[in-house]
Amino acid sequence: MLKKSIVKMSAFKSSIASSSVLNPKDGMRSKGGAAGLLLTALIDAFSILVIFLLMNFSTTGDILFIEKGMELPKASQAELVEVSPIIKVDNGELFLDGQLTSANDMTAGLINLRKKWQEAHTESEPLNALTIQADRRVTYEVLNQVVVAAAQAGFSDLKFAALIK
Amino acid sequence: MAIGQVGPQDKKGLDFELNLIPFIDLLSVCICFLLITAVWIQVGTLNTKQAVGGQSQAETEKKATLKVAFQKNGDLLIEAKDSRLPAKLASIKISNESGKVNLANLDQALEQIRAADPAVSTALFHPMAGSVYEEIMDVMDRFKKKGLINLGMNPL
């Protein structure tokens, strides 16, 4: 059955068979028109690629969405992003969890967020952290509005989003 | 499944060849999946605290603290409080380098401060209205790198 199989009829001459020590078939390679493909090297390369990609695989997901045109500053001491309310500063406009807001309304918005968090997570620690996502070129004058609003709403931890160097 | 070919002398053939095509298929699918789902930009957060809080000054524990003031043209003024630093390190001015903060000099100053008083681990930042966010982050990053891990941000 094996003798008549399609694989046997169509496969290239085996490089193993032709280089066998126990049953050498040296003539096979020279007589055959097509050279035997060495797939082992290809599988080695694929395996290395898979291992490399698996090592770099991130399971945390994307918490921050960086819009086109926004360039985050770089920091070598940046830590993993944790789930917390996000204030985005984009072209001078302030967004609280994706919704456009103003500097005046931000404190109230943050207090509301905190209340909702505490209602949903009665047993966990109170929400104290706030993530600030801003373009690297903005001045502190703009960021100051966020810092002040966070202080007024009782957010003691400020997490500045940055690209990890 | 056809396993492979053993040549005309089947009974005597001892070499055995695996069909590698399914392995290649599997690895190709794995590579495609991993490439599509890979996150190429690593985003993190530089964690700081509010320098101004609700706690009264009397209740606040006295700790060696550095006050870092951003000045015009990229100059930095670092002043130590409640520390055992010698007078020459208790107040350092780091002059700018072509309008930007001189990070090399800042590194040197921080190394000296940490060597003189390793207990210093807190720094409070006082940026100006015109201070650029990237520069503030660069400076805070240097502080963290040198072991000053408790950073506080002051409002204007």
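This briefing describes selected features of chains A and B. The structure is a predicted model, in which local features need pLDDT of at least 70 and side-chain atom pairs count only at pLDDT 80 or more, while totals for chains, interfaces and linings use all residues. Residues are numbered from 1 along each chain as its sequence is written, and side-chain values use heavy atoms, with hydrogens and water left out.

- Strands are DSSP runs of E with at least two residues, numbered from the N terminus, and two strands pair if DSSP finds at least two bridges between them.
- Strand β4(A) (residues 93–96) has L94(A) and L96(A) on its covered face and E93(A) and F95(A) on its uncovered face.
- In a regular strand, side chains alternate between the two faces of the sheet.
- Strand β3(A) (residues 86–90) runs antiparallel to β4(A) and is joined to it by four bridges; D90(A) has E93(A) as its bridge partner.
- Two residues separate β3(A) and β4(A) in their hairpin, where N91(A) takes a positive phi near 55°.
- Three bridges pair β4(A) with β5(A) (residues 99–101) in the antiparallel sense, and F95(A) stands opposite L100(A).
- The hairpin of β4(A) and β5(A) also has two residues between the strands, and D97(A) takes a positive phi near 50°.

**Residue T131(A)**

- T131(A) lies in strand β6 (residues 129–134) of chain A.
- Contacts (heavy atoms within 4.5 Å) of T131(A), not counting residues up to four places away in sequence, include L64(A), I86(A) and T45(B).

Conventions:
Chains are lettered from A and ligands numbered from 1 in the order in which they are written. Buried means under 20% relative accessible area, exposed over 50%, partly exposed in between (1.4 Å probe, protein chains only).
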